[in-house]
Amino acid sequence: MSKRTVQFKIYRYDPDRDEKPYMQDISVELEASDKKLLDALVRLKSVDDSLSFRRSCREGVCGSDAMNINGKNGLACLTDIDGLPQPIVLRPLPGLPVIRDLIVDMTQFFKQYHSIKPYLVNNDPAPERERLQTPEDREELNGLYECILCACCSTSCPSFWWNPDKFVGPAGLLAAYRFIADTRDQATNERLDNLEDPYRLFRCHTIMNCVDVCPKGLNPTRAIGKIKDAMVRRAV
Amino acid sequence: MVNRILVGAHYGLKDWIVQRATAVYMAVYTLVFAACALALPEFSFESWSALFGNGVFKFLTFLFFLALFYHAWIGVRDLWMDYVKPVGVRLTLHVVTIFLLVGYAGWAAQILWRL
C-alpha cells in the first residue's frame, strides 16, 4: 500500500479547555507501512500532539486502545485502516465517563470485575508442584481465560449502560464463569450466591452486543448462560 | 447509606425460569388456540362460546392468562428497575403493577366462567 490520505472525525474533549465535547474533522497522510488504525492515530498525534488516547502493546494483548470505531467498539491496533469507510468516526467507549478525548475512566468497569473475586480460591495446602486438572477440565477454561479486559463488551451492553453500578457486565461475568468452571476452585457456591441477584447477573437480556464486538472472539453470552445453567442445576 | 450501592437481593433465578416457562406455555397455547379456532364450523357467537364452554379449554385459557400476567410482571418490573431510580417511586410502581395484574387475573376468570 502506497502513501494515502485518510479522513477522520474524532471526538475531542479537554475538560480544562473545552466547555463541551465536539467532533473534529481532521485528515492525515499515511506512510506505506501504516496498516492499522493505531498506526494512523500515532501518525495523527505527531501532527496534533493534543490528541489523547491510550495504547501500549500495539498487538491486541494489552487492551488499552479500545474505542468506538465507526459506531462499533474495537481495538485500534487490530483494525485495518484500509477496510474502514471514511471519514473514520472515532469516539471514546460509550457509557463510561470521559477523562479526555478517547480516554475513559474505567473505575466502574474494574470495580465490577473485582466484585466477582477474579482469583482462584483454594484453602488446601499448596501442593509441591501444581494443582493438576484433567485435559477435559482444562478444556472448559478455553474461551474464558483469554479476556484482556479491554471493556469493548461491557461498554457496548445496554444493560451495563443503564446499571453500571449494579450489573456486573459481560467481561466480569465471563471472568466469573472462568472461576466457577475451574475444578481447582473451592468457592463455587459462594460465587453463585454472589451472582444470584436480579441486577448482578439477571440484567443480561441476551442482547449479544458483547459477542459482536469482542476483539478476541470470546462469547460472554455463552458463559452467562452456563452460569444460569449452574444455578438451575444447583436449585432443582 | 446515601452513596452505598446495595446489591445481593438473592433472587432472580426463579423469575428467570418462570419467565421462560410462561413464554413456552403461551407459545404452545397460541398454537392450540389457533388450531381450535380454525377448526370451528363457523365464526359465530354460539360456536365461540361452545369452545370456551369446554372445561379443558377454560382451564388452558385461564392458565394462559396467569402465565401472561406473571410474564408481564417480570417484564414490567425489569422496566421499572432499569428506568426508575428513586426507590420510593419504584416501590409504588411495583405495588401498582401487582395490584393491576391481580385485578386483571380476577377479571379474566370472571369473563371466562361467565361463558
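## A tour of two interfaces

About 1,100 Å² is buried between domain 1 of chain A and domain 2 of chain A, and carbon and sulfur atoms give 65% of that area. Buried area here is the accessible area (1.4 Å probe) that two parts lose on being put together, summed over both.

Before you click further: this is a predicted model, in which local features need pLDDT of at least 70 and side-chain atom pairs count only at pLDDT 80 or more, while totals for chains, interfaces and linings use all residues. Residues are numbered from 1 along each chain as its sequence is written, chains are lettered from A and ligands numbered from 1 in the order in which they are written, and side-chain values use heavy atoms, with hydrogens and water left out.

**Stop 1: the two domains of chain A.** Select residues 4-104 of chain A for domain 1, then 106-235 for domain 2. These bounds come from an automatic or database domain assignment. The domain centres, taken over C-alpha atoms, are 29 Å apart. In the contact (heavy atoms within 4.5 Å), domain 1 of chain A supplies 16 residues and domain 2 of chain A supplies 13.

**Stop 2: the domain 1 side.** Show Lys72(A), Asn73(A) and Leu96(A). In domain 1 of chain A these three lose the most area to domain 2 of chain A, together 37% of what that side buries. Now pick Asp212(A). Its side chain meets that of Lys72(A) in a salt bridge, 3.6 Å from N to O. The term means a side-chain nitrogen of Lys or Arg within 4 Å of a carboxyl oxygen of Asp or Glu. The count between the two domains is one salt bridge.

**Stop 3: chain A against chain B.** Show both chains. Here 17 residues of chain A are in contact with 17 residues of chain B. The buried area is about 1,700 Å², with 58% from carbon and sulfur atoms. Two salt bridges are counted between the chains. Zoom in on Arg203(A) and Asp78(B): they form a salt bridge, with their closest N and O atoms 2.8 Å apart. Next, colour helix H8 of chain A, residues 220-235. This helix gives the largest share of the chain A side that touches chain B, four residues. Helices (H or I, at least four residues) are DSSP runs, numbered from the N terminus.

**Stop 4: chain B.** Select residues 93-113 of chain B. The span is 100% helix and 0% strand, and its end C-alpha atoms lie 30 Å apart. Then select residues 23-43 of chain B. That span is 76% helix and 0% strand, with end C-alpha atoms 28 Å apart.

How values were computed:
Helices (H or I, at least four residues) and strands (E, at least two) are DSSP runs, numbered from the N terminus.
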